[in-house]
Amino acid sequence: MFDVTPLSATDRSEQYAELARQVDGLLHGETQLIANAANFAALVFHALPELNWCGFYFAEGQELVVGPFQGKPACVRIAFGRGVCGTAAATRQTQVVPDVHAFAGHIACDSASRSEIVVPLLRRDGSLLGVWDVDSPRPARFDEVDRVGMQALCARFLRACAL
Ligand code: SME
């Protein structure tokens with residue numbers, strides 16, 4: 001068992017640095033994608049405040065298919081270009097959405113979600129593995145610190161999986 005140590009830093013960038021070290025410890029020596037994705041989602045969900053959902057969608061053809069996550073059951077398939085996840089996949093740009101109700105085409109899986117961040121996951125060869133999606137019940141929960149921090153966590157995840 002891996003204890004999720006409460007983050008000690010008060011500075012949010014430093015919290016992400018601490019969490020990055022926990023990701024490295026948790027995934028160390030393991031490359032299996034589903035195992036690492038499941039543990040990564042559980043770690044982030046329990047380490048960061050004010051989240052109601054976090055998890056993976058993996059690319060299959062022109063769609064995203066839900067992978068390991070924490071939170072309520074989610075939509076299974078999302079077409080590229082649809083919703084926040086599909087936009088992140090199609091543009092390969094991290095999407096920080098302060099108000100999901102104001103995002104055209106947002107797909108409401110959990111009605112509690114009010115803000116969201118989605119990071120595209122690119123393999124070293126430039127191909128799209130999928131996206132990492134994090135939802136919060138608080139409007140404007142995610143900002144630039146979260147964008148930088150989540151992207152760094154995802155880079156650690158991809159490296160651990162040797163992708
Ligand atoms: N809100 C997302 C759908 C996925 S769920 O939130 C888990 C979107 O619009 O892409």
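**Ligand site and hairpins**

Modeller: A backbone N or O atom of Cys85 lies 2.7 Å from an oxygen atom of the ligand; a polar contact here is a pair of N or O atoms within 3.5 Å. Mind that this is a predicted model, where local features need pLDDT of at least 70, side-chain atom pairs count only at pLDDT 80 or more, and totals for chains, interfaces and linings use all residues. Residues are numbered from 1 along each chain as its sequence is written, and side-chain values use heavy atoms, with hydrogens and water left out.

Colleague: OK. What does Ile107 do with a nitrogen atom of the ligand?

Modeller: A polar backbone atom of Ile107 is 2.8 Å from a nitrogen atom of the ligand.

Colleague: And which side chain has an N or O atom 3.1 Å from a ligand nitrogen?

Modeller: That's Glu116.

Colleague: How much of the ligand's accessible area does the protein cover?

Modeller: 99% of the 300 Å² that the ligand has on its own, by the Shrake-Rupley method with a 1.4 Å probe.

Colleague: Which element gives the largest share of the shell?

Modeller: α3, with three residues. Helices (H or I, at least four residues) and strands (E, at least two) are DSSP runs, numbered from the N terminus.

Colleague: Switching to strands: how do β1 and β2 pair?

Modeller: In the antiparallel sense, over seven bridges; pairing takes at least two DSSP bridges. Ala59 stands opposite Leu64 in β2.

Colleague: And where's the positive phi in that hairpin?

Modeller: At Gly61, near 60°.

Methods. Polar contact = N/O pair within 3.5 Å; in protein donor to acceptor, adjacent residues only side chain to side chain.
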